[in-house]
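Reader: I have a structure open and want to go through its contacts. Can we take it step by step?

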Amino acid sequence: MVDRSLFRTKAPDVMHRLIGDFDLNEIQAAGIVGNLGHECAGFHTLHEIGQPEGKGGYGWAQWTGDRRKSFLAWCDKRKLGWETDAANYGYLSSELHGTYARSISALEKAYPVLYQPPEVLTRL
């Protein structure tokens, strides 16, 4: 049986922060958090299964390649462990305010659709 308790505990806080930081509604924030939860197995798997150290996806969003390198450098610069919620939310927020701001714009345009289309969520 899959343990969903970590996701159930963490998701409301992450949603609340996204709502406050990006002026999203609950449905929009839930779309982002649901995608993150899928990527990291409900916040349980923060390094891609089967990948050696320094390879594969890291963090909530399973950042890979150049984005993995940027995520880890961002964490190092701030002296945050990459496994922490502060590092993961902080980097997600920095991307959504910066190079991936278009994802928030796309999400806003997609509302009030209850199910966000995959092309919106793949931009994260």
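**Salt bridges and a buried glutamine**

Author: Glu95 is buried, with 5% relative accessible area (buried means under 20%, exposed over 50%, partly exposed in between, with a 1.4 Å probe and protein chains only). This is a predicted model, where local features need pLDDT of at least 70, side-chain atom pairs count only at pLDDT 80 or more, and totals for chains, interfaces and linings use all residues. Residues are numbered from 1 along each chain as its sequence is written, and side-chain values use heavy atoms, leaving out hydrogens and water.

Reader: Which side chain does Glu95 meet in a salt bridge?

Author: That of Arg67, at 2.6 Å, N to O. A salt bridge is a side-chain nitrogen of Lys or Arg within 4 Å of a carboxyl oxygen of Asp or Glu. Glu95 is in helix H4 and Arg67 in helix H3 (residues 65-77), 28 residues apart. Helices are DSSP runs of H or I with at least four residues, numbered from the N terminus.

Reader: How many salt bridges does the structure hold?

Author: Two. Asp85 and Lys10 also form one through their side chains, at 2.7 Å, N to O. Asp85 lies in helix H4 (residues 85-97) and Lys10 in helix H1 (residues 5-22), so this pair ties together parts 75 residues apart in sequence.

Reader: Is Lys10 buried or exposed?

Author: Lys10 is buried, at 16% relative accessible area, while Asp85 is partly exposed at 35%.

Reader: New topic. Where is Gln28?

Author: Gln28 is in helix H2 (residues 26-39). Gln28 is buried, at 4% relative accessible area.

Reader: What does the side chain of Gln28 reach?

Author: The backbone oxygen of Leu107, at 3.4 Å.

How values were computed:
Helix = DSSP H or I, 4+ residues; strand = E, 2+ residues; numbered from the N terminus. Polar contact = N/O pair within 3.5 Å; in protein donor to acceptor, adjacent residues only side chain to side chain.
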